[in-house]
Every structure is written in C-alpha cells, then in structure tokens.
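Work through the two exercises below with the sequence and the 3D structure at hand, and try each task before reading its solution.

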Amino acid sequence: MADPMLRVENLGKRYRVGQLETYRTIRDAVTSVVRRPEAADEGGTPLRGSAGADSYLWALRNVSFELGRGEVLGIIGPNGAGKTTLLKILSRITVPTEGRAEIRGRVGSLLEVGAGFHPELTGRENIFLNGAVLGMKKSEIVSKFDEIVKFAELEKFIETPVKRYSSGMYVRLAFSVAAHLEPEILVADEVLAVGDAAFQKKCLGKMGDVAKEGRTVLFVSHNMGVINRLCPRTILLTDGKVVKDGPTDEVVAHYLRSESTSGGQRRWEDPQNAPGNERIRMRSVRVVSEGQVAAEVDIDQPTSIEVDFVNHAAGIKNLFVNIYLLDSGGATVLSTASTPAANAIHEEWYGNPHPVGHYRATCTLPANFLNEGRYFVSAFVVTLGPLQVEARAEQALSFEVFDTGVMREPGGGTGWPGAVRPRLPWKTEMLSGGVGSSSSGGESR
Amino acid sequence: MTETTTELPLTVITPRSGWLGVSRRELWAYRELLYFLVWRDLKVRYKQTVLGIGWAVLQPVFLMAVFTLFFGTLAGIQTTGVPYPVFAFAALLPWTLFARGLTDASTSLSANRNLITKVYFPRILLPAASVLAAVVDFLVAFVVLLVLMTYYGIVPTLAVAALPLFVGLAIVASMGIGFWFSALDAKYRDVKYTLPFLTQFWLFVTPVVYPITLVPDAWRWLYALNPMVGVVEGFRWALLGQSFTIDSFALVSVAVAVLLFLGGIAYFGRSERSLADVV
C-alpha cells in the first residue's frame, strides 16, 4: 500500500500475569520484589533478569496489517484474543511491548461510550466535558451541540443531571457525543450493542455514514451480522495472533467453523472457565435430535437445543435463556428466549425464585423448519431488572441440517433456496368446471 | 478527499518514546481539555451544596479563627506588629492552595481511572487541573484577605508587585509534588492514606501559625528546604509591609520547588506509559 493511514508492524503486548489487580500496596511490591526482582516493574516493559516466561502473558503478538484511507476493517475473535488490547494500543491508552504502529491523522476511540461522564453534571455539561475528553475543540462542540442533542432524542432533559437519566438515555447521549466526533481514524469496540433496538439501528446507520465519508474505521464486534454489513475486510485474531485477514465473508466463515465444536455438544468441564459469573455458570449447550446428541440432524425430525447452567444465587427471579441461531455467513436466522411472551407453552420457572441448583432449558425447533446447511448456536443466560447477561456462550457450537427426505426430489439435488425450508400446507381448489367458449378449439370427447 | 494522506500528522507508537512521555505540541493541542477538567472539578465540587463556592472561603476563615484564638490570643505568639488574624490568613491562603491542590492532584489518577483506561489524552492534565481548580478557590478566598487588610488598615508596599511570583511558586510546588504522588498513587494506594497525615505535618513545618523568626538561624537552611517556607515568607513580605523581610533562604525554597517540579514531570512521564495497565 502506497500511503496507508495505518501501518501496524509486529505489534506485541505482554502483561505480567497477576498484575492486573487494581489494588497494589507498597507492602505487596516489597514482598514481591524480595521474591522476584522484576515484580515491581511496570507492566509491559521488556523482560529482564530471570523471571520465568510463564509469569507473562502475550495478549498480542506479531500483529501486522495496513489500512488504506476509507477502509473499514472488522476485527473478530473469541474472548481474550487480544481485540481490545489492539484497539487500546492504537488509541494510545496503553503502550505496546514490541513492534510499532504508524498512524496518520487524528484517532477517535470509542472503547466505551460515556467515558468521562460525570453523574452530577447535566446533559449539557457532560456533552462539553465528554466532547473535550474525546478530543473535540470547544468550538466544534458548540457547532454540533444541537445535532448531538437531537440525535440522542434528549431535548427535554438536557438540563437534568445525568444521574437522573435512565440507562438508555445515558447511553444514547454518550453514543451521540461520540458519533459526532470526526477523526480520520475511528476505533470502535462493541459500541453498537447499546440501547433499544431502534436506537441500535440508528447507531448502525451512523457508523455506516462514517465509513461512507471516507474515514478509516477499525471495528471490533461479536456480532457477525453487523461485521458483515459494515466491513468489507476482516481480521480474525486468536490468542493474540492474526489467524486470517481477508474478505469478511471468508474470514467469518472460517471463524465460525473453527470456533464452534461440531460434536453437537459443548461442555465446560472446568467451572472457572465456563461462561458466566459467580451467580450463574453455564455447564453445556447441546443439540439433541431423535433422542441423542447430534451434530447432524435430519430435517424431518424436531431438533432440541438444551442449555445447562448452574444457579449459585438463591432466589433469582426473572431468569431466562436466550438463543441465537446464525447461518454460516454469520447472519442471524432467528433468536428466541424462554420468556413467557416468546414461549409457545407454559413455563413454570420464569418469574419464580430459582433455588440454587442445576437447570436445563430446552427449546425445540420443529421438523421441516431450518433449511439445509450449517447453523451456529449462541446461548445466553439473562436476568431482568435491570437486564443483565449473566452467562454468554457465543457461537458455542454448530450443527448441520440435512435434507434426506421426500423433499429432496423436486429440487433435483440443488436444494430449496431460502433461509427456512418448511413444509407448508398447500391446497389447490378447482374454482369452476369446464372451459369457456372463447378458449381455443374444443376438446373432443 | 482533497488532502493526501501524507499531509496528515503522523503518530508513531513504539514501546518507548521520549523522556517526557508527551510532547509540548500535544499538551498545547489539549489545552481546552485542561480548561474543561478544571471546570468539571469546580462544578462537581460545589454541586448540591447550599454554600457553593462559599466553602472556598469558609475553610481558611475557620482555620484563621481557630488559630487566632489558640495561637494568637491564648499562646500569645508574637507577630511583629501585625494583627494575628491577618498574619495567619496571609499564610493560610497559599497554604490552602498548596494543600488542597496537592491532595486533589495526588488522587487525581486513581479517581479518574475510568477515563484513563478508556480514552487517550496527556494524563498529566489530571493532576495539573486539580491544582488549577485549587487556584480558583484561592482567588475567591483572596477577597477575604483584602477585606481583612482594609479593616486593619494595612497598606502593602511596592513589594506587592512580587505577589504573583509567590502564587506561582505555590502552584509549582503543589503541582511538582502532585505529579510524584499521583503517579505513585496509581500504583500504590498507600499514598491516599499518607496524605492527611502528611499535610498536617507539613502545616507545622511551615510558618503559618508562627513567625519564621521562631526558627533558630542555624537551622534556617534546613527549614527552607520546604518550598512552602519561601511561599509563606513571600506572601507576608509582599502583602503585610515593612515588618516582614525576605532573605536569600527563599532561593533555596525556589530551587527545591523547581527541582521537585521538573523531577515530577520526568517521573510522571516515565510512569504514564504504563498507567492504564496499573491504575
């Protein structure tokens, strides 16, 4: 590339394992210095002396790529792959341990909306403060002020301290300020996963506009559908390394294939590594068809998706399981949840206190529903009031739907086009008998 | 797209950069943020208070009243002819500026952890803004001193022209130590617990409640290592007229303050690069 906006060469970042704790006291430092001379060292400085390499973790290693003007790059990868670390280095929040990056122009980073918001200040005051924190000039904020307020739909509450805002209002205002920043390079991390559906759509539109204006964008997301829509090119990071870099559909397909186990079951043997928190831990996600765990299911048979989880917090109410099905391109085929509104049958647990224990939520997909192909299952355990995702297993596993039955014949092996392949009731009626006199020629009897 | 890529400023990110951590060009580019940080500190400090900015006046005034009663009246400390309230208040003003600036600056990084781990900006603006916010309080409380001086009929000499220098010295001292402590506080929360004790101790090794003449001449050089000695001496000399003098020991205070300041910037610059990982 002749004139890249961003050139990253062999970038690496190492953390000292165990140094991420927030509280450090001199006593800790003294005791660890006695044990190991490097321990009092600042994070991420090169190795000196004799500390074992196993006390360090490379969050990012040998990462190289270039980005041209106006390019929109998606970054995907499992949790802990180094996506956020990469963005933090590029937005200069933290320094790399090795390698270098060259950046042309102003970088705007949206690692979290509302950084620097102060609860005591009003919406108006926070727009100015947050704008300045993000690197806007005062004159710039003044000229965009009305636009920001309008985008956030908060005209009436702009003189209210943000501590009285609902979380939705707060996020809308924060995103709106950030969205009106006009850097040459925009670095964004999952910021679209905010607010209600309508506002999310608006944010997505805004992100699309940013890309169209010729700005260079780096965008991290777990949402393959969004990545597909926004980014022509995507990088897959795994364990801090670039595993694949290329057209988004190829990279996403590669990721989904590699990420999900295809055995029809995903189990987390070690509870510490299982998705979740100290309240809820996921145990397993599996696909069951014809009475057994199956990675390949027959289209003529109903298929169940079972999510096992352990509840450690007695008395949680309003707990439900949420499932997303993605196709091989990363587009969401359907989403469903065990809430009463989304449930076709009565469910006894929702809304009642859940004692400590092991639970299984089962969702049954009817036979003759999904079309042939590979599907990826993302499962979430969610509690309400306020909404909180307690455990998330994105693309936990995949399964393949095969059409072996009677419907194979008419398609002649090429299959039925479409996302779903239902068998629907058809009825043909004869509306009237005989043929009119105007028809061509009579039939001989 | 009229401009070409090469016309845009280039930023290079490498494991190690210059000695200062930030360039002056960058500090200049972020000057408006400094203003907004000061503005935020002041706004937030007096939100939901009845007295508002009145607190900036009330604190030194209360201290003055207490000192006047115990040290001026009961202990009968000699103040070379100046009424004790003015004597104490002229020192309490820069002292409050110094102590508040130092305290707020020292915890400014850990208090703004959320900001540091999410957005880039020159981090040194945080402790600097804390001290500048204390300067605003100082200016408000200064009005009280003018009232006191008018009441007691004290007319300053030409030396009053030197007052801004001593305000500057107090700022330099407060920021300098603030830079050291804030960078330390980001890593070691011990700093937070040390501060109240330290400022109390510091108040008594500064000639706020007593005149500097109480300190034996033989120990003056050691005493002057405390930059606030020079500041307080300077304030009384500049404001309260002939009965106070300033001697060459003040230069020791100036030198120490400048050294602490430059050293603080260097230490901060060194620590700044790993702040987001440790704070």
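This is a predicted model: local features need pLDDT of at least 70, side-chain atom pairs count only at pLDDT 80 or more; totals for chains, interfaces and linings use all residues.

Residues are numbered from 1 along each chain as its sequence is written, and chains are lettered from A and ligands numbered from 1 in the order in which they are written.

**Exercise 1.** Find the angle at which helices H3 and H5 of chain A pack, and name the residues that meet.

Step 1. Helix H3 of chain A spans residues 123-133 and helix H5 of chain A spans residues 167-179, helices being DSSP runs of H or I with at least four residues and strands runs of E with at least two, numbered from the N terminus.

Step 2. Their axes, 10 Å apart, form an angle of about 40°, which makes H3(A) oblique to H5(A) (under 35 degrees is roughly parallel, over 145 roughly antiparallel, 65 to 115 roughly perpendicular, and the rest oblique).

Step 3. From H3(A), Gly123(A), Asn126(A), Ile127(A), Asn130(A) and Gly131(A) meet Leu173(A), Ala174(A) and Val177(A) of H5(A), where contact requires C-beta atoms, placed from the backbone, within 7 Å.

**Exercise 2.** Describe how chain B touches chain A.

Step 1. Chain B gives 36 residues to the contact and chain A gives 46 residues.

Step 2. On the side of chain B, H2(B) provides the largest share, six residues.

Step 3. Strand S4 of chain A (residues 98-104) pairs with S1(B) in the antiparallel sense over four bridges, pairing being counted when DSSP finds at least two bridges between two strands; Arg104(A) stands opposite Leu10(B).

How values were computed: Axes are lines fitted to C-alpha atoms, for helices over the stretch in contact, and angles run from 0 to 180 degrees between N-to-C directions. Two residues are in contact if their C-beta atoms, placed from the backbone, lie within 7 Å.
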